[in-house]
Amino acid sequence: MQFQGKALGGSSMINGSAFIAPSRASIDTWARLGNNRWTYDALAPYYSATYSVESPDPNICKDMGIELVSNIDPAATPKGPVQVSLPSLVEPHPVAKAWNEVFKGKGYNTTAELFPIQSAGNRCYTAAIDPQTQKRSSSDSQYGGPASSRPNLTIATGATVLKIVLSGSSSEELTAEGVEAAIDGATRAFLATKEVILAAGAFHTPKLLEMSGVGDRSRLQSLGIPAVINNAGVGEHLQNHAMCMRTFELNDNVRAGDGIQSLAFLPLQDRAQQ
C-alpha cells in the first residue's frame, strides 16, 4: 500500500509535513547516468527559489553535536515561498542528543543541512511548517492559493487525468496536445496552446505515460493499450526507501520528545555511500 496525497497540494499535504531533500551525491548521480546538466550545483538555484528555511540556533546545534556547515553562495540563500523549519532544534533534548552521539560513535555525523553532502548519516527532522504561524506550508498554500486569482488559471477539482492527447503520424513525430480527464462522470479534453507539463509524481507520471501508449510494448499490449512509443524503461527502476521504526523504553526521569526528532539514513550492506 502506498499513501498518496489526493488533494490540492498533492503529497505535500500529507507525510507528517516532512521536507526531506535528496543528498547532493544523489543528485549528482543523475549526471553520471547521462543527464549531464542535472548536477547539484546546476540545480541549487532552482531549489533555492522554492523554499525558505529558518536558521537553527548555533548554540543548540553545538550542544546537540550537530553539524551546520553550508557552502551555498550567500547570494543564493533560499528565498522561496515554502516555509521550512527544524522543529527538533527549538530546544535541546537529551534523547535526541544521545541518539546523535550513538551515530557519531558509528562514524555517522548529524547534520542540519537540507541538502547534505551524502545520504548516509543522521539528519535533523525538517518540516514544511511555517515557524511563525505553526501551520503547514504546502505547494497549494504557497503556490496554488496565490495563483488561483489569476484570470488565466482555472483549477479543476474532482478531476482524474486519463491520458495525454498525442498527435503525429509516427513515434518520432508525436506531439503532446493536451490531456483527457474524467470530471463528474464525463470525459473532457483539455488542449494546450503552448505545451503540456507532465508533473504527476513518481507513481502517476509513468502511469499516465503508459495509459497514453508510451512504455513497454508487450506490457501495453497485454493491457489492451496501443503502443505509440516503445520504451521499456517507463515505469521501471523505482527506488523507494525502506523505513524501520524502533521503540525504546525511557527512564521515568527522561521526557520523550515531541514528534519526530531525527532521521537516520544508513547504506545497505556492501553498498557504496551516496
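Start by selecting Arg24: with 8% relative accessibility, Arg24 counts as buried (buried is under 20% relative accessible area, exposed over 50%, partly exposed in between, using a 1.4 Å probe and protein chains only). Before you click on, note that this is a predicted model, where local features need pLDDT of at least 70, side-chain atom pairs count only at pLDDT 80 or more, and totals for chains, interfaces and linings use all residues. Numbering runs from 1 along each chain as its sequence is written, and side-chain values use heavy atoms, with hydrogens and water left out.

Arg24 sits in helix H1 (residues 24–32) and Glu113 in the loop between strands E4 (110–111) and E5 (121–124), 89 residues apart. Helices (H or I, at least four residues) and strands (E, at least two) are DSSP runs, numbered from the N terminus. Glu113 is buried too, at 13%.

Next, jump to Arg219, partly exposed at 30%. Show all three together: shared partners join Glu210, Arg219 and Glu236 into one network. The structure holds four salt bridges.

Last stop: Val53 in strand E1 (residues 51–53). Which residues does Val53 contact, leaving aside neighbours within four places in sequence? Pick Val84, Leu86 and Leu114; contact means heavy atoms within 4.5 Å. Val53 is partly exposed, at 33%.

How values were computed: A salt bridge is a side-chain nitrogen of Lys or Arg within 4 Å of a carboxyl oxygen of Asp or Glu.
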